[in-house]
Amino acid sequence: VLYEAAAASVLPPDSAEAKQAAADRARTTGPAVNATKAGDPQKGVQLLIEGVFQLPPGGASQAADTWQTIWRDNARTLPVMFAAPPPPPTPCDTLKLLSKPTLVVSGDKTAGFFPLVDAALVKCIPGAQRAVLPNVNHDAPARDPATFSRVILDFLSKHPGSRG
C-alpha cells in the first residue's frame, strides 16, 4: 500500500508532469527548506506542515497539542532530509517488475505533486489499483482514519497472500 508517495523520481525527467511536480514541490516545501537552511527547523516544520496539508499561514500553530509535539520532535530531521540528494530516477520499467498486488491511495483534496506521482505509479505497476478518499488531503490517515483503514483492510482482504 502506497499512500501519496513522494516518489517524484517515477515521473519521466523531461515530462510536463515532472516539471509541474517540481514546481509544486518547490512552492509547497520551499519556505520550509529556506527556514531550515537559515537555522530554524522549528519554523521549517511548521511551514512544511502548512504546505503539505494545505493549511493557511499560521494554520499549523492552531493544531492540537499532540500534533504540535510530534512536529516539534520531527523538526530535527529536516536538515538531514532537505540536505539529502534527490533519489535517482525510477523508470516504469523497474516498477513493472513488482509482482505483489499494490494499492495506491490518495485524498481527493490533495494538490500538487502527490496526485501526479500516484497516477504514474498506477500506470507503471502491473495491476495496481487506486483508491481516492473523499474530503481529505495528505492528512487522510489522521482526518478520516476509519475510511483510510477500511480501504486498506478491504484491499488486504482481497489479497491475503500478499502480506509480508
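A salt bridge is a side-chain nitrogen of Lys or Arg within 4 Å of a carboxyl oxygen of Asp or Glu. The close-up views below come from a predicted model, in which local features need pLDDT of at least 70, side-chain atom pairs count only at pLDDT 80 or more, and totals for chains, interfaces and linings use all residues. Residues are numbered from 1 along each chain as its sequence is written, and side-chain values use heavy atoms, with hydrogens and water left out.

**View A. Salt bridge between Asp 118 and Arg 130.** The structure holds four salt bridges, and in this one the closest N and O atoms are 4.0 Å apart. The pair links distant parts of the chain, with Asp 118 in helix 6 (residues 113-124) and Arg 130 in strand 3 (residues 129-133), twelve residues apart. Helices (H or I, at least four residues) and strands (E, at least two) are DSSP runs, numbered from the N terminus. Asp 118 is buried, at a relative accessible area of 0%, whereas Arg 130 is partly exposed, at 38%. Here buried means under 20% relative accessible area, exposed means over 50%, and partly exposed lies in between (1.4 Å probe, protein chains only).

**View B. Salt bridge between Asp 139 and Arg 143.** The closest N and O atoms of this pair are 2.6 Å apart. Asp 139 is buried, with a relative accessible area of 10%. Arg 143 counts as exposed, at 54% relative accessibility. Side chains of opposite charge can pair when their charged atoms come close.

**View C. Salt bridge between Arg 150 and Asp 154.** The N to O distance between these side chains is 3.9 Å. Both residues belong to helix 8 (residues 145-158), and because they are four residues apart there, about one helical turn separates them. Arg 150 is partly exposed, with a relative accessible area of 45%; Asp 154 is also partly exposed, with 35%.

**View D. Positive phi at Glu 4.** Glu 4 is a residue other than glycine, and its phi is near 40°. The loop that holds Glu 4 runs between strand 1 (2-3) and helix 1 (16-37). Glu 4 is buried, having a relative accessible area of 2%.

**View E. Positive phi at Asn 135.** Although Asn 135 is not a glycine, its phi is positive, at about 65°. Asn 135 lies in the loop between strand 3 and helix 7 (140-143). With 56% relative accessibility, Asn 135 counts as exposed.
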